[in-house]
Structures are given as structure tokens and as C-alpha cells.
Amino acid sequence: MKKFILLCTILLSGYFFIADAQVLLSIEINTGSDDLRGGNDNVNLIVLMKSGAQVRFNNLNLSSRLADNTTYKNTQILTSGKVADIAGFRLETTLSGGMGGDNWNLNRLTIYGIVNNVPTKMIDLSGNPLF
């Protein structure tokens with residue numbers, strides 16, 4: 001199965017300073033005029049750490065359909081590292097593509113790092129479609 005990859009790398013230098021505490025990632029995905037079917041067609045988030053490590057969150061949509069022109073929200077716990085340790089993010093899909101396969105219009109991706117109930121916008125990308 002083909003994987004379509006959207007690489008969203010953000011550079012975080014000394015801009016973010018947050019004490020050692022659990023990091024929640026608040027993820028908002030806006031679908032455009034072509035849905036994500038769900039089932040076997042899903043979206044994964046990979047957190048790219050400055051150390052070179054990668055933290056995977058598979059099947060963000062929980063195999064559910066992301067309907068046209070809707071916003072889907074998901075929260076994940078980053079069990080290791082701090083906001084300042086994050087170098088970027090990568091989205092991968094498990095779309096089969098081709099004839100009869102799913103396509104998906106991702107129009108916006110927003111991710112906040114939340115520590116001690118304080119949100120920090122880490123990425124906010126949009127396009128029509130972005131991907």
C-alpha cells in the first residue's frame with residue numbers, strides 16, 4: 001500500500017521554554033472537499049525529536065471517516081521529551097490510492113503542545129488542499 005507523506009518540519013530553537021512536565025499534543029485536522037474514508041485508510045502522526053528519535057501515533061482517526069469540510073480533533077500524550085525537544089511533525093496515510101482507492105484533501109493541520117494547561121501553537125499550516 002502506498003503511503004503519502006506530508007513532512008511538516010518546524011524548527012524550534014530556544015523559543016519554547018517549558019519546565020519538565022507531561023506534554024499533551026492537541027491535533028486539529030481540517031478535511032477539505034474529499035473525505036478520508038477510515039477503515040483501512042487512516043492517518044498517522046510522527047513526532048520528530050531533535051535527538052533523531054521518532055514518536056509514532058498511529059491511526060489518529062481511529063479508523064473513522066473524516067467527512068468533507070469537517071474538523072477532527074485528537075489529543076495524544078507525548079510520554080518522553082519536552083516541547084523544546086520537538087523538531088517537527090510528519091503525517092502519513094495508509095491510503096491505497098489509484099482506481100477505486102481513497103484520496104483525501106487535508107486543508108489544515110494545527111498542533112498545540114500543552115504543558116500545565118498552557119497551549120503553545122507549534123504548527124498551523126493550511127492550503128486548498130494542503131495535501
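Colleague: Which residue forms a salt bridge with Arg56?

Modeller: Glu92 does, with the closest N and O atoms 3.3 Å apart. A salt bridge here is a side-chain nitrogen of Lys or Arg within 4 Å of a carboxyl oxygen of Asp or Glu. Keep in mind that this is a predicted model: local features need pLDDT of at least 70, side-chain atom pairs count only at pLDDT 80 or more, and totals for chains, interfaces and linings use all residues. Residues are numbered from 1 along each chain as its sequence is written, and side-chain values use heavy atoms, with hydrogens and water left out.

Colleague: Which parts does the pair tie together?

Modeller: Glu92 lies in strand 6 (residues 86–93) and Arg56 in strand 4 (residues 54–57), so the bridge links parts 36 residues apart in sequence. Strands are DSSP runs of E, at least two residues, numbered from the N terminus.

Colleague: Is Glu92 buried or exposed?

Modeller: Buried, at 6% relative accessibility. Arg56 is partly exposed at 38%. The cut-offs: buried is under 20% relative accessible area, exposed is over 50%, partly exposed is in between, with a 1.4 Å probe and protein chains only.

Colleague: What else does Glu92 bridge to?

Modeller: Arg90, also at 3.3 Å, N to O. Both Glu92 and Arg90 are buried.

Colleague: How many salt bridges does the structure hold?

Modeller: 5. Another one of them pairs Asp124 with Lys121 at 3.2 Å. Asp124 is partly exposed at 29%, and Lys121 is partly exposed at 42%. Shared partners join Arg56, Arg90 and Glu92 into one network.

Colleague: Switching to Asn44. Where does it lie?

Modeller: In strand 3 (residues 43–49). Asn44 is buried, at 6% relative accessibility. Its side chain reaches the backbone nitrogen of Asn59 at 2.7 Å.

Colleague: Which residues is Asn44 in contact with?

Modeller: Leaving aside neighbours within four places in sequence, its contacts include Arg56, Arg90 and Glu92, along with Phe57 and Leu91. Contact means heavy atoms within 4.5 Å.

Colleague: And the largest nonpolar core: which residues touch the most other members?

Modeller: Leu25, Ile29, Leu45, Val47 and Phe89, out of 27 residues. Such a core is a set of buried Ala, Val, Leu, Ile, Met, Phe, Trp, Tyr and Cys residues joined through side-chain atoms within 4.5 Å. Elements giving it two or more residues include strand 2 (23–31), strand 5 (71–78) and strand 7 (106–115).

Colleague: What does Ile29 touch?

Modeller: Not counting residues up to four places away in sequence, its partners include Val43, Leu60, Tyr72, Trp104 and Leu109. Arg108 is also among them.

Definitions and conventions. Helices (H or I, at least four residues) and strands (E, at least two) are DSSP runs, numbered from the N terminus. A polar contact is a pair of N or O atoms within 3.5 Å; within protein, one must be able to donate a hydrogen and the other to accept it, and residues adjacent in sequence count only if both atoms are side-chain atoms.
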